[in-house]
Amino acid sequence: MSHKAGFVNIIGNPNVGKSTLMNAFVGERLSIITSKAQTTRHRILGIVNGEDFQLILSDTPGIIKPAYEMQESMMNFVKSAFEDADILVYMVEIGEQDLKDEAFFNKIIHAKIPVLLLLNKIDNSNQEQLEEQVAFWTAKVPNAEIFPISALQNFNVPEVFSRIIALLPESPAYYPKDQLTDKPERFFVNETIREKILLNYSKEIPYAVEIVTEEFFEDEKIIRIRSVIMVERETQKGIIIGHKGAALKKVGMDSRIDLEKFFGKQIHIELYVKVNKNWRSNANMLKRFGYNQ
């Protein structure tokens, strides 16, 4: 029996449902999902294995005009997604008109590989609007196959998955068949904590935060984790901790619940907050946090 394998890279504007789609394909919450833009900062690989296929999915940060060095690095992850893709998935949502970067859009319409354009969140539209959007994107991206979907409701997602498998090139597996992702455990600890901060704090706070897991000790029944929440200013540190530490305690409790589900073990987690001034514009710090690879 022949075997198929390939890299399928998901791109699009912030908050169009890229992470939701990838998690639906993989069956695990590898990418954090919130209602806030720019929740995905890194390029995350999720691996889906079948008897005769291996699908390597890449969830990339939403396409933006970079405002500081960290965002420049985030867009480099998106650029790299064009370089190794066997299939490109371009996600838009109902009512959307364009990518925020024209250069990326030109790469899509001139791609030499199959392009699937997924029109997401159709559960928020009516039939007339849907038909108008399909016509608009058919004209805009004539090289793409268009699929109206709802990633959240799993509508048409199995059909998209089947089409991707059909388009995969013949190839042996790139990763061991029992592997779910290329990221280490600490990465998912960091992402889980960052998701809780996105959900529990407003304004600039979530975007000024980076997580560093300094200790990850696992034995048969329990995983002991020590993580540091990095912020840029003393005032942000105070907000993260909250009155008598209540806000930080909530982040820890919420993170523990999700991490116990993810790892299938009891979790003991300790959180600390440190100030690292202007880390988002510091090349050495960005490299340490995995942005400038």
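The model is predicted. I'll start with the overall counts. The chain has 293 residues, and 52% of them count as buried. Its secondary structure comes to 9 helices and 9 strands. On contacts, take those between residues at least 6 apart in sequence: 72% of them join residues at least 24 apart.

Now the helices. Two packed helices are described by the angle between their axes and the distance between the axes. I have two pairs to show, and helix 8 is in both.

The pair I'll take now is helix 6 with helix 8. Helix 6 covers residues 185-200 and helix 8 covers residues 246-263. Their axes come within 9 Å and cross at roughly 135°. Angles over 145 would count as roughly antiparallel, and 65 to 115 as roughly perpendicular, so these two helices are oblique to each other. The crossing of helix 6 past helix 8 is right-handed. Which residues of helix 6 and helix 8 make the contact? On the helix 6 side they are E185, F188, V189, T192, I193, E195, K196, I197 and N200. On the helix 8 side they are K250, V251, D254, S255, D258, L259, F262 and F263. Sorted by class, this contact between helix 6 and helix 8 has 8 nonpolar, 3 polar and 6 charged residues.

While we are on helix 8, look at R256, which lies in that helix. R256 is partly exposed, because its relative accessible area is 29% and the buried class stops under 20%. If you leave aside neighbours within four places in sequence, R256 is in contact with I267 and I269.

The other pair is helix 7, residues 234-241, with helix 8. They pack at an angle of about 65°, and their axes are 5 Å apart. Here I239, I240 and I241 in helix 7 meet A246, A247 and L248 in helix 8. By class, that contact divides into 6 nonpolar residues, no polar and no charged.

Between helix 7 and helix 8 there is a loop, and K244 sits in it. K244 is not a glycine, yet its phi is positive, near 55°. Is K244 buried or exposed? It is exposed: the relative accessible area is 79%, and the cut-off for that class is over 50%.

There is another residue of this kind, N154. N154 also has a positive phi, about 65°, although it is not a glycine. Its place is in the loop between strand 6, residues 144-148, and helix 5. With a relative accessibility of 41%, N154 counts as partly exposed.

Next, the aromatic residues. How many aromatic pairs does the structure hold? There are 6. One of them is F53 with F161, whose ring centres are 6.0 Å apart. The ring planes are at 70°, so the pair is edge-to-face. The two residues come from distant parts of the chain, 108 residues apart: F53 is in strand 3, residues 53-59, and F161 is in helix 5, residues 157-167.

Two more residues before I stop. M22 is found in helix 1, residues 18-26. Its relative accessibility is 0%, so M22 counts as buried. From M22 to I10 is 12 residues in sequence and 8.2 Å in space, C-alpha to C-alpha.

S171 lies in the loop between helix 5 and helix 6. Although it is in a loop, S171 is buried, with a relative accessible area of 13%. What does S171 touch, not counting residues up to four places away in sequence? The residues are H3, K4 and A5.

To recap the packing: helix 8 meets helix 6 at roughly 135° and helix 7 at about 65°. The contact with helix 6 includes 6 charged residues, whereas the contact with helix 7 has no charged ones. That is the end of the talk.

Conventions
Residues numbered from 1 in each chain as written. Predicted model: local features only at pLDDT ≥ 70, side-chain atom pairs only at ≥ 80, totals over all residues. Heavy atoms only, no water. Axes fitted to C-alpha atoms, helices over the stretch in contact; angles between N-to-C directions. Helix = DSSP H or I, 4+ residues; strand = E, 2+ residues; numbered from the N terminus. Parallel < 35°, antiparallel > 145°, perpendicular 65-115°, else oblique. Left-handed = near helix turned anticlockwise from the far one by under 90°. Contact = heavy atoms within 4.5 Å. Nonpolar A, V, L, I, M, F, W, Y, C, P; charged D, E, K, R; others polar. Phe/Tyr/Trp six-rings, centres within 6.5 Å; stacked < 30°, edge-to-face > 60°. Buried < 20%, exposed > 50% of the residue type's maximum accessible area, 1.4 Å probe, protein only.
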